[in-house]
Amino acid sequence: IRHTMKKLFAILAVMGVLTLGSVQPIMAQDAAPAQTEQTTEAAVVEEGGGLHKELKTKFIEGDAGFMSLVAIALVLGLAFCIERIIYLSLAEVNTKKLMTSIEAALEKGDVEAAKTVCRNTRGPVASICYQGLMRIDDGVDVVERSVVSYGGVQAGYLEKGCSWITLFIAMAPSLGFLGTVIGMAFDKIQQAGDISPTVVAGGMKVALITTIFGLVVALILQVFYNYILSKIEALTSAMEDSSITLLDMIMKYNLKYKK
């Protein structure tokens with residue numbers, strides 16, 4: 001899984017670089033009466049560009065320097081989000097089926113069969129149950145401490161990388177606001193010696209575009225982050241329920257086979 005995640009990061013990084021490198025200044029084209037067919041084809045291409053062309057235009061108008069930083073924040077943030085979603089999706093298992101299989105093995109007194117079930121099942125729930133079964137002969141108190149300790153370790157694995165997502169969520173609008181401050185064109189106003197509507201409007205345009213893109217990036221990443229948190233909460237709840245169920249099973253096992 002880790003090797004796959006590394007490949008995913010590399011692919012997304014390359015895509016981000018290629019996207020940023022493909023942004024070129026849009027040059028105005030002179031229309032000539034004798035070039036009617038070329039003008040028609042250009043109009044068709046322009047209409048076909050649609051949203052992508054409009055985004056590219058706004059990207060260039062919003063100062064490529066700051067807009068590139070916002071785009072990088074989006075690409076890296078999405079990379080961490082996708083990695084977490086894949087990891088958490090692979091960590092989800094049918095908890096009821098797992099606990100039923102463990103209970104059936106313990107009722108027969110076959111602890112090794114219960115361990116085998118846990119080993120053959122992926123995810124943090126199976127790992128916690130396996131750690132508890134490893135110390136089944138040491139008493140319920142030892143099993144409980146082991147399950148709680150290992151549960152904290154598994155919770156840390158689930159939340160790994162989430163701090164980077166929150167960082168990019170905070171960085172995207174901050175970079176947009178920074179572009180806003182710099183794009184106010186105060187230097188041009190000072191050089192002109194007068195507050196010209198044209199100068200002020202040009203600076204405000206750049207400022208607002210960078211702010212809008214920064215906020216949009218933050219909103220996109222926030223949606224993914226909330227989805228990730230919901231999956232983490234669901235897995236954590238499943239881990240806690242399974243731990244309690246496992247302790248009950250071990251107590252019944254001890255009463256039945258350790259008199």
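These notebook entries record what I looked up in the structure.

**Basis.** I am working with a predicted model, in which local features need pLDDT of at least 70 and side-chain atom pairs count only at pLDDT 80 or more, while totals for chains, interfaces and linings use all residues. Residues are numbered from 1 along each chain as its sequence is written, and side-chain values use heavy atoms, with hydrogens and water left out.

**Overall make-up.** I looked up the elements and found 10 helices and 0 strands, where helices (H or I, at least four residues) and strands (E, at least two) are DSSP runs numbered from the N terminus. Of the 259 residues, 32% count as buried, a label that means under 20% relative accessible area, with exposed over 50% and partly exposed in between (1.4 Å probe, protein chains only).

**Salt bridges.** I searched the whole structure and noted 3 salt bridges, each being a side-chain nitrogen of Lys or Arg within 4 Å of a carboxyl oxygen of Asp or Glu. Glu83 and Arg84 form one of these at 2.9 Å, N to O, and both residues are buried. Glu92 and Lys231 form another at 3.0 Å, N to O; this pair links distant parts of the chain, 139 residues apart, with Glu92 in the loop between helix H3 (64–91) and helix H4 (95–107) and Lys231 in helix H10. Glu92 is partly exposed at 35% relative accessible area, whereas Lys231 is buried at 8%. I also recorded Lys115 with Glu112 at 3.6 Å, N to O, both in helix H5 and 3 residues apart, about one turn of the helix. Here Lys115 is buried at 12%, while Glu112 is partly exposed at 47%.

**H5 against H6.** I then checked how helix H5 (residues 111–119) sits against helix H6 (residues 124–134), and their axes come within 8 Å and cross at roughly 155°. That makes H5 roughly antiparallel to H6, a term for angles over 145 degrees. I noted that 8 of the 11 residues of H6 are buried, so this helix is largely enclosed by the rest of the structure; among them are Pro124, Ile128 and Leu133.

**Along H10.** The C-alpha atoms of Leu221 and Cys81 are separated by 7.7 Å, although the two residues are 140 apart along the chain. Val216, also found in helix H10 (residues 197–257), counts as partly exposed at 41% relative accessibility.

Key: Axes fitted to C-alpha atoms, helices over the stretch in contact; angles between N-to-C directions. Parallel < 35°, antiparallel > 145°, perpendicular 65-115°, else oblique.
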